[in-house]
Amino acid sequence: MKQSSNVPTFLSKMWTLVEETHTNEIITWKQNGQSFLVLDEQGFAKEILPKYFKHNNMANFVRQLNMYGFRKQERDGPVEFQHPYFKQGQDLLENIKRKVSSSKPEENKNSSAQKVQIKQETVEYSLSELKSENESLWKEVSELRAKHAQQQQVIRKIVQFIVTLVQNNQLVTQKKNLFQHIVKEPTDNYHHKVPHKKHLTKSNIF
């Protein structure tokens, strides 16, 4: 769809982003085309936001959506945002206007309520990100503990092998010494039992 020059850059980028098929695993149109879904919030913050909006803060992104009248749909599953003039296949972006403050008391009251709502949604996203990061950290800690336990088990096996090897060597040495002692002992006894031959002399003969 050809974008008008009257359409804010943020909305043009949003439309292009949702339309592109190579990002469908992260952000895409809902099946009915009436809203869009953020399927992977972490991937969206790390990969998409820096590329299109020069930051990686999901809360700031939500704040901008709220400023243009987008509403988060309260439902289970992926995060969903909807705007009456942001629909698949329809050139309605010129109708989306950024909210401006008004001097009228009633409108100021509504504006304050909207700011509170925006702030609340921002806090909710921040908490969601912290929760996700915390879960990732705990997962990493669990994996490190498992690896440490495996390494300790390997070390114990190596130590046990070395101890067994040393003990076997000592046993072989002891057996060797015992064998040498047994072999040597009969020879010594034989020398003790055999009488010494007398040297024959003339006096002994006669």
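How many bridges join β1 to β2? Three bridges do, and the two strands run antiparallel. This is a predicted model.

**The sheet**

β1 and β2 belong to an open sheet of four strands. The order is β1-β2-β4-β3, with antiparallel pairing. β1 and β3 (71–72) stand at the edges with a single partner strand each, so one side of each has no neighbour in the sheet.

**The core**

The largest nonpolar core holds 29 residues. Met14, Phe36, Phe44, Phe61 and Phe86 have the most contacts inside it.

Leaving aside neighbours within four places in sequence, Phe44 is in contact with Leu17, Ile26, Ile27, Val38, Leu49, Pro50, Met58 and Phe61.

**Aromatic pairs**

A search of the whole structure finds 13 aromatic pairs. One of them joins Trp15 and Phe86. Trp15 lies in helix α1 (residues 9–19) and Phe86 in the loop between β4 (79–82) and α4 (105–193), so the pair ties together parts that are 71 residues apart in sequence.

Phe86 also pairs with Phe36. Their planes stand at 65 degrees, so this pair is edge-to-face. Phe36 sits in strand β2 (residues 35–38), while Phe86 is in the loop between β4 and α4, so this pair links parts that are 50 residues apart in sequence.

The table gives the geometry of both pairs.

| Pair | Centre to centre | Angle between planes | Type |
|---|---|---|---|
| Trp15 and Phe86 | 5.5 Å | 80 degrees | edge-to-face |
| Phe36 and Phe86 | 5.7 Å | 65 degrees | edge-to-face |

Phe86 is buried at 1%. Phe36 is buried at 0%.

Ring pairs also build a cluster. It links Phe10, Phe44, Tyr52, Phe53, Phe61 and Tyr68.

**Helix α2**

Where does α2 kink? The kink lies at Glu47, shortly before the proline Pro50, and is about 35 degrees. The span of the helix falls short too. α2 has 13 residues, but its end C-alpha atoms are only 15 Å apart. A straight helix would reach 18 Å at 1.5 Å a residue.

The buried residues of α2 are Gly43, Phe44, Ala45, Ile48, Leu49, Tyr52 and Phe53. An α-helix has 3.6 residues a turn, so residues three or four places apart point the same way. In α2, the buried residues pack against α1, β1, β2 and α3. Phe44, Tyr52 and Phe53, all buried in α2, are also members of the ring cluster.

**A residue in α3**

Asn60 is found in helix α3. At 28% relative accessibility, Asn60 counts as partly exposed. Asn60 and Ser126 are 66 residues apart in sequence. In space, their C-alpha atoms are 9.9 Å apart.

How values were computed:
Residues are numbered from 1 along each chain as its sequence is written. This is a predicted model: local features need pLDDT of at least 70, side-chain atom pairs count only at pLDDT 80 or more; totals for chains, interfaces and linings use all residues. Side-chain values use heavy atoms; hydrogens and water are left out. Rings of Phe, Tyr and Trp (its six-membered ring) pair if their centres lie within 6.5 Å; planes under 30 degrees apart count as stacked, over 60 as edge-to-face and the rest as tilted. Buried means under 20% relative accessible area, exposed over 50%, partly exposed in between (1.4 Å probe, protein chains only). A nonpolar core is a set of buried Ala, Val, Leu, Ile, Met, Phe, Trp, Tyr and Cys residues joined through side-chain atoms within 4.5 Å. Contact means heavy atoms within 4.5 Å. Two strands pair if DSSP finds at least two bridges between them. The expected span of a helix is 1.5 Å times one less than its number of residues. The bend at a residue is the angle between axes fitted to the seven residues ending there and the seven starting there.
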